[in-house]
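Here are my notes on the model you sent. Please read them with the structure open.

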Amino acid sequence: MQHRVVFRPSGAEVSVERGTKVSEAAKLAGVEIATPCGGTGICGRCTVLIEGDFGNRVLACVTEVDRDMVITVPEKDSGKVIAATDDKHLDIDELSPMSGGLGLAVDIGTTTVALDIMDMSTGEELYSSADVNGQKKLGDDVLSRIQCAADGGTDELRRLIIETINRLIADFPDRGRIESVYIAGNTTMEHLFAGVDPTPIRVEPYEPVVVRSEMDGKDSGLTVKGDARVLTMPCISAYVGGDITSDIVYAGMDRSEGISLLIDVGTNGEVALGNRDMLMVCSSSAGPAFEGGNLRSGMLAKPGAIDSVRIDEGKVSCTVIGGTEPKGICGSGIIDLLAQLYIDGLVDKRGNFTDRAELKDGRFIVHGNVGISVPEIRDVMMTKAAIFSASRALVRNLGIEFSDLEHIYIAGGFGNFIDMDSAIVLGMFPDVPREKFVYLGNASLAGAKAALLSSTFRDRIEDAFSKMTYLDLSSDPVFFDEYMSAQFIPHTESDLFPSVHPRVRD
Ligand code: FES
């Protein structure tokens with residue numbers, strides 16, 4: 001069976017067989033969608049929007065055409081360094097690269113490593129690639145990597161990250177012409193890249209051993225030019241790393257008059273607040289609920305994961321990554337599920353099922369054996385409470401309200417796929433006009449690219465870094481209060497979520 005697919009903004013059209021991947025359909029239509037991880041669903045950089053589909057942001061490389069579709073392909077940022085909003089645009093005219101030759105920008109995530117190679121004379125992106133961080137076999141999260149380092153594994157962890165980056169650039173024949181490398185990652189990843197034992201990060205006074213590092217290509221172990229300059233983005237604290245510095249500057253928070261909030265959702269929820277005069281950052285331990293941890297049906301956002309859910313009068317519909325039979329549910333699906341259970345009156349504000357909910361062995365079933373229980377709901381509520389209360393603690397410490405914010409930037413690969421409305425219903429994101437939200441995608445990598453190409457951007461990194469203040473939530477009384485109040489759906493103070501309550505089924 002054939003389906004018609006229209007791509008926007010170009011208007012290109014193609015007819016393809018049902019089951020064709022969206023990325024393949026794009027290729028046939030002459031529309032370029034980059035697939036840096038080779039279409040394995042790892043890097044999250046082939047995101048497109050499907051019109052009318054409630055899941056709406058999907059990975060083109062794993063999503064199948066199963067009906068007539070209208071698909072919006074976000075503008076590619078290659079060739080120019082474009083920040084999140086137009087007024088923060090850094091045009092190619094400002095090109096003032098760190099060196100000649102080629103530049104390599106790398107985002108070292110705990111789970112995924114993504115990189116781009118740039119022509120430093122034109123700013124053109126020549127090559128992109130991404131894959132799983134090879135350190136993953138020695139531990140899934142930051143704390144287990146630190147434990148591994150504490151057990152004498154620092155050298156091995158360093159070897160694994162260098163090997164991952166070298167493998168990712170191995171297919172690029174001109175890698176020996178790379179003269180500059182800019183690396184952004186969380187504090188632990190940057191320590192391990194530099195071969196520094198990160199163990200002190202997890203003990204009092206919880207401070208990084210180094211805030212940044214610089215070495216030459218030969219010492220780095222990377223297969224780049226021997227005298228290349230290899231730099232890491234400055235880290236603000238033990239749990240707010242160079243990736244957040246990169247996010248903040250890329251978003252343009254450092255030069256806006258209006259105050260904005262930035263939320264990076266991961267195992268740690270890092271939050272930043274500020275403008276050109278001051279920047280405050282903090283980190284709250286969100287836990288692994290959105291990465292599938294602790295949930296019987298939880299899984300990472302891979303083919304087979306339910307990634308969006310709608311419930312209407314108890315009837316469930318969902319979308320599955322790759323269009324296959326569901327094997328589990330990933331973070332964006334979990335946020336949708338809980339928000340929908342609440343709106344449909346199947347779960348109360350404490351996270352208990354109401355009499356209306358049909359349960360099987362104490363679980364609400366989404367599809368097959370994929371479902372959720374009350375203890376699992378509570379786990380998700382603790383995670384969302386950590387993120388919301390960190391945001392509110394920053395805002396209250398500054399004596400302002402969410403309504404005073406100019407923008408709320410959502411950063412990080414996972415952030416891209418969160419349905420903003422569901423996150424508001426759940427009480428994870430503030431209930432402000434939706435147009436204030438800006439999805440940044442992988443701003444950590446985008447910031448590293450901008451740093452390679454623009455001296456203005458590099459100056460802004462230094463300036464922003466000098467203005468950043470770290471708020472230690474563990475000793476902040478406002479945070480503790482907020483955390484307790486946020487352990488409800490959406491919150492104990494219903495006035496904070498005025499758009500949610502009228503929508504809840506009686
Ligand atoms: S190309 Fe689709 S996730 Fe990487």
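**Notes on the model**

1. Start with Lys467. This residue touches Arg276, Asp277, Met278 and Leu279, leaving aside residues up to four places away in sequence. Contact here means heavy atoms within 4.5 Å. Lys467 lies in helix H10, residues 455-467. Helices (H or I, at least four residues) and strands (E, at least two) are DSSP runs, numbered from the N terminus.

2. A word on the source. This is a predicted model, in which local features need pLDDT of at least 70 and side-chain atom pairs count only at pLDDT 80 or more, while totals for chains, interfaces and linings use all residues. Residues are numbered from 1 along each chain as its sequence is written, and side-chain values use heavy atoms, with hydrogens and water left out.

3. What does the side chain of Lys467 make a polar contact with? The partner is the side chain of Asp463, at 2.7 Å. A polar atom of the Lys467 side chain also lies 2.8 Å from the backbone oxygen of Arg276. A polar contact is a pair of N or O atoms within 3.5 Å; within protein, one must be able to donate a hydrogen and the other to accept it, and residues adjacent in sequence count only if both atoms are side-chain atoms. Lys467 is partly exposed, because its relative accessible area is 24%. The classes are buried (under 20% relative accessible area), exposed (over 50%) and partly exposed (in between), with a 1.4 Å probe and protein chains only. Lys467 and Asn352 are 115 residues apart in sequence and 44 Å apart in space, C-alpha to C-alpha.

4. Next, strand E13, residues 268-274. Of its 7 residues, 6 are buried, so the strand is largely enclosed by the rest of the structure. E13 runs antiparallel to strand E12 (residues 260-265), joined by 6 bridges. Asp264 stands opposite Glu270 in that pairing. On to strand E14 (residues 279-285): 7 bridges join it to E13, again antiparallel. Leu273 has Met280 as its bridge partner in E14. A hairpin of 4 residues joins E13 to E14. Strands count as paired if DSSP finds at least two bridges between them.

5. Helix H9, residues 443-453, is mostly covered, with 11 of its 11 residues buried. Among them are Lys449 and Ser444.

6. Compare two single residues. Ser332, in helix H6 (residues 331-343), counts as buried because its relative accessibility is 7%. Ser332 touches Asp307, Phe414, Phe417 and Ile418, not counting residues up to four places away in sequence. Lys137 sits in the loop between strand E8 (125-132) and helix H2 (142-169). Lys137 is exposed, at 63% relative accessible area.

7. Now the domains. The chain is divided into domain 1 (2-72), domain 2 (97-239), domain 3 (245-288 + 380-496) and domain 4 (293-373). These bounds come from an automatic or database domain assignment. The centres of domain 1 and domain 2 are 31 Å apart, taken over C-alpha atoms. Their contact takes 5 residues from domain 1 and 10 residues from domain 2.

8. How much area do domain 1 and domain 2 bury between them? About 510 Å², with 57% of it on carbon and sulfur atoms. Pro36, Ile42 and Arg45 supply 83% of the area that domain 1 buries there, more than any other three residues. Buried area is the accessible area (1.4 Å probe) that two parts lose on being put together, summed over both.
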